[in-house]
Amino acid sequence: MIPFVDLRAQYLSIKSEVDAAIQGILDSCQFTLGSEVAAFEEEFAAYSGSIHGIGVNNGTSALHLALLAAGVGPGDEVITTPFTFVASVAAIHYTGAKTVFVDIDPVTYTMDPAGIEAAITPQTKAILPVHLYGQPADMAPIMAIARKHGLVVIEDACQAHGAEYDGKRAGSLADMGCFSFYPGKNLGAYGEGGMVTTANPEFARTIRMLRDWGAEKKYHHVLKGYNMRLEGLQGAVLRVKLRHLDAWTEARRTAADRYGSLLAGSGIAAPHARPNVRHVYHIYAIRTANRAQLQEALNARGVQTGIHYPFPVHLLPAYADLGYREGDFPHAEQAAAEQLSLPMYPELPAQSQEQVIATLREIYPQMNPAPAPAARVTEKA
Ligand SMILES: *Cc1c(COP(=O)(O)O)cnc(C)c1O
């Protein structure tokens, strides 16, 4: 069986470092926030080309608090894409604001900037582009539109640790960047974790208070806050793992290149990275019209795959109240019907990749038979 991800392989490669970091927390008893979290916040903010890092308990909280810091609340609208993990939209909902979708660019799957201006109303407060699969959204036009209309931009960089756009890192491309350290993400905790990065000291100060009961200092609650602190154990583990992230990202990029060459000439569409980005391949997704059949056949031959995501958020029952219908965002709907994620993780062996693609190349033509020229002539006649 070729697994979709293998968290154990990574743990074994850094076991002694991680075990020592965990022991350090057991010894210090700094179980929530504390010095390891503070050090990780500084290191990850610097890594992301930003200034302030505020550790929180998951990526969804990062998005939620970033939106609150931007002043988003009931009566406001936030523009995002329907082709994302549901958390992007849940975070907007938590603030009381309304989600307004714009369709994706069908080639990169990220927000199509051409659709944004038509979605802006007097209620629009923020834009939330998603760096889907590890590829930054097309930030230059998004930022230009936002500046023109006085809107705050928050990156959903939950899949894009270390990704770059025009040489700048995800997390430094807008007013705030939000990251998830869910175990399967490119930088994963041993539990849950998240962070907001920002160069704006006011946003940083507000988020720092909101994550810890809105307190300016202990028991001085100046805001209605939350318990959304990052745990000490996660901070300690993430500090260790951050030191390896660039090597892991290069391994993902090498694996993506290898998939690309193995797929050449097969008729299967490999993912497209814009020339001005460093794609970090959280997900490596191919596209096929017979997705269900192909996934089943691969599974039967021992290749685990994933679907990210089978439904665009505007068609999920949970968000039916937003009032969208099938056909509203055709590119997102088609991507949701056709994308298939292949095994991808830094330790993925080259032979496993060769096996995955050999299997694909063997079964794909049977599902997509080339039309026989003789038959077409007969049809016309
Ligand atoms: C994982 C993810 C989130 C949420 O992060 P959690 O840590 O699971 O809360 C938000 N947006 C996107 C695009 C994600 O992939």
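Select Asp6 first: this residue is partly exposed, with a relative accessible area of 27%. Here buried means under 20% relative accessible area, exposed means over 50%, and partly exposed lies in between, using a 1.4 Å probe and the protein chains only. The model is predicted, so local features need pLDDT of at least 70 and side-chain atom pairs count only at pLDDT 80 or more, while totals for chains, interfaces and linings use all residues. Residues are numbered from 1 along each chain as its sequence is written, and side-chain values use heavy atoms, with hydrogens and water left out.

**Stop 1: Asp6**

Asp6 sits in the segment before α1 (7–13). Helices are DSSP runs of H or I with at least four residues, strands are runs of E with at least two, and both are numbered from the N terminus. Show the side chain of Asp6 and follow it to the backbone nitrogen of Arg8, at 3.2 Å. A polar atom of that side chain also lies 3.1 Å from the backbone nitrogen of Ala9. Both are polar contacts, meaning a pair of N or O atoms within 3.5 Å; within protein, one must be able to donate a hydrogen and the other to accept it, and residues adjacent in sequence count only if both atoms are side-chain atoms. Not counting residues up to four places away in sequence, Asp6 touches Tyr345 and Glu347, where contact means heavy atoms within 4.5 Å.

**Stop 2: the ligand**

Select the ligand next and display the residues around it. The shell holds 14 residues, and the closest are Gly59, Thr60, Asp156, Ser180 and Lys185; a residue counts as near if one of its heavy atoms lies within 4 Å. Which side chain has an N or O atom 2.5 Å from an oxygen atom of the ligand? That side chain belongs to Thr60. For Asp156, a side-chain N or O atom is 2.8 Å from a nitrogen atom of the ligand. Gln159 has a side-chain N or O atom 2.8 Å from an oxygen atom of the ligand. Taken alone the ligand exposes 380 Å², and the protein buries 93% of that.

**Stop 3: α4**

Both α4 (59–69) and α5 (87–95) supply at least two residues each to the shell around the ligand. The largest share, three residues, comes from α4. Colour α4 by burial: nine of its eleven residues are buried, so this helix is largely enclosed by the rest of the structure. Among the buried ones are Gly59, Ser61, His64 and Ala69. At the N-terminal end, Asn58 caps α4, with a side-chain oxygen 3.0 Å from the backbone nitrogen of Thr60. Just after α4, look at Gly71, which takes a positive phi of about 85°.

**Stop 4: Thr305**

Move to the loop between α11 (291–300) and α12 (330–338), where Thr305 is found. Thr305 is buried, with a relative accessible area of 15%. Its side chain makes a polar contact with the side chain of Gln295 at 3.1 Å. Leaving aside neighbours within four places in sequence, the residues in contact with Thr305 include Phe4, Leu298 and Leu340.

**Stop 5: Asn368**

Finish at Asn368, in the loop between α13 (350–367) and α14 (373–380). Asn368 is partly exposed, with a relative accessible area of 28%. The C-alpha atoms of Asn368 and Tyr190 are separated by 42 Å, the two residues being 178 residues apart along the chain.

Terms used:
Areas by Shrake-Rupley, 256 points an atom, 1.4 Å probe, with all protein chains shown as cover.
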